[in-house]
Amino acid sequence: MTAVWFAALALLLAGPVPALLARARWTWQVPRAALVLWQAIALGAVLATLGAGLASLSLLVTEEPGFPFLERHGPVQTTLIGLGSALVAVVTVRFWVVATFVGVRTRRRRNRHRDLVDLLHRNESLSQVNAALLSGTGVRVLAGPGRVAYCVPGVRSRVVVSDAMLASLTPEEVRAVLAHERAHLRARHDLVLEGFTALHAAFPRVVSSQAALDSVRLLVEMLADDAARRRAGTQPLARALVALAGSGDPGQEMPVGSAALARVRRLAARPPRRGLSALTYAAAAVVLGGPTLAIAVPWLQASYRALAH
Ligand SMILES: [Zn+2]
């Protein structure tokens, strides 16, 4: 029965739960706690899948010598459990292989990108006021008509802006944009996203993996917005978002269509209700700890008893 419970939990955490959470709007009020909840759900799904596989295997191998399970339950049920275990193994191996591939590819692409922006950096295009703003290390300015602002995360991180963006925004707005990008780099939001990117790359046909990735991306933007508004003020950030969203340049990081609108609206909304963040953290603890413990403890006890004999 343990394997069935684990499998049911894995299906729940891989399907309906992320689908519901992706549609929720209350998460926008508490992006940090909501991201923790997303991570708890993803990790919970992975652990439950592993648990289902291990529990199935334990049915086949942790009893008396020979094949007592086969004798007791017949070939059909034994084959089903064997197939279930194999499926779990395939899912697990696939995830880790794809996650490694995504990690290696991302870092290689990032290194190339950083070398390129270092090469194309235009120091001379900075005005006096922006030179003071951009004095921090790692800011690179590109020439061109597009209004661009994004970051290249990693150990030697970069914030990349275009001279068109610097020319069209006020110094306060530029400060807000830079604070937003630096918040991404400081908090290593790229690592949070990488896990969900790997999940989506490994299982693209699972409907919720795309919804989860989109939702997590938006929450990460909102988290960086919160850091930027603390540093540069809400109004300059909102104006910068509107200005960059209106430019319609492809490939830029800050505006993301309707997501940019959601972010601007959110900046104008009331502060989050007290307790919502604590409730969300509690939900994360329950998602990860509660069912897993409830299923794992009896299973561990049964395994211990079987081994002690
Ligand atoms: Zn961002």
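Phe 95 is buried in this predicted model, because its relative accessibility is 12%, where buried means under 20% relative accessible area, exposed over 50% and partly exposed in between (1.4 Å probe, protein chains only). The model is predicted, and local features need pLDDT of at least 70, side-chain atom pairs count only at pLDDT 80 or more, and totals for chains, interfaces and linings use all residues. Residues are numbered from 1 along each chain as its sequence is written, and side-chain values use heavy atoms, with hydrogens and water left out.

The structure contains 2 aromatic pairs (rings of Phe, Tyr and Trp, the last by its six-membered ring, with centres within 6.5 Å; planes under 30 degrees apart are stacked, over 60 edge-to-face, the rest tilted). Trp 38 and Phe 196 pair edge-to-face, at 6.4 Å centre to centre with 85 degrees between the planes. This pair links distant parts of the chain, as Trp 38 in helix H3 (residues 31–61) and Phe 196 in helix H8 (residues 189–202) are 158 residues apart. Helices are DSSP runs (H or I, at least four residues), numbered from the N terminus. Both Trp 38 and Phe 196 are buried. Phe 95 and Trp 96 also form an edge-to-face pair, because their ring centres are 5.0 Å apart and their planes lie at 70 degrees.

On the surface, Leu 43, Leu 47 and Leu 50 form a nonpolar patch (residues with over 30% relative accessible area and no salt bridge, nonpolar side chains being joined within 5 Å and like charges within 9 Å; a salt bridge is a side-chain nitrogen of Lys or Arg within 4 Å of a carboxyl oxygen of Asp or Glu). Together these leucines have about 230 Å² of accessible area, by the Shrake-Rupley method with a 1.4 Å probe. Leu 47, in helix H3, is partly exposed at 37% relative accessible area.

Notes. Helices (H or I, at least four residues) and strands (E, at least two) are DSSP runs, numbered from the N terminus.
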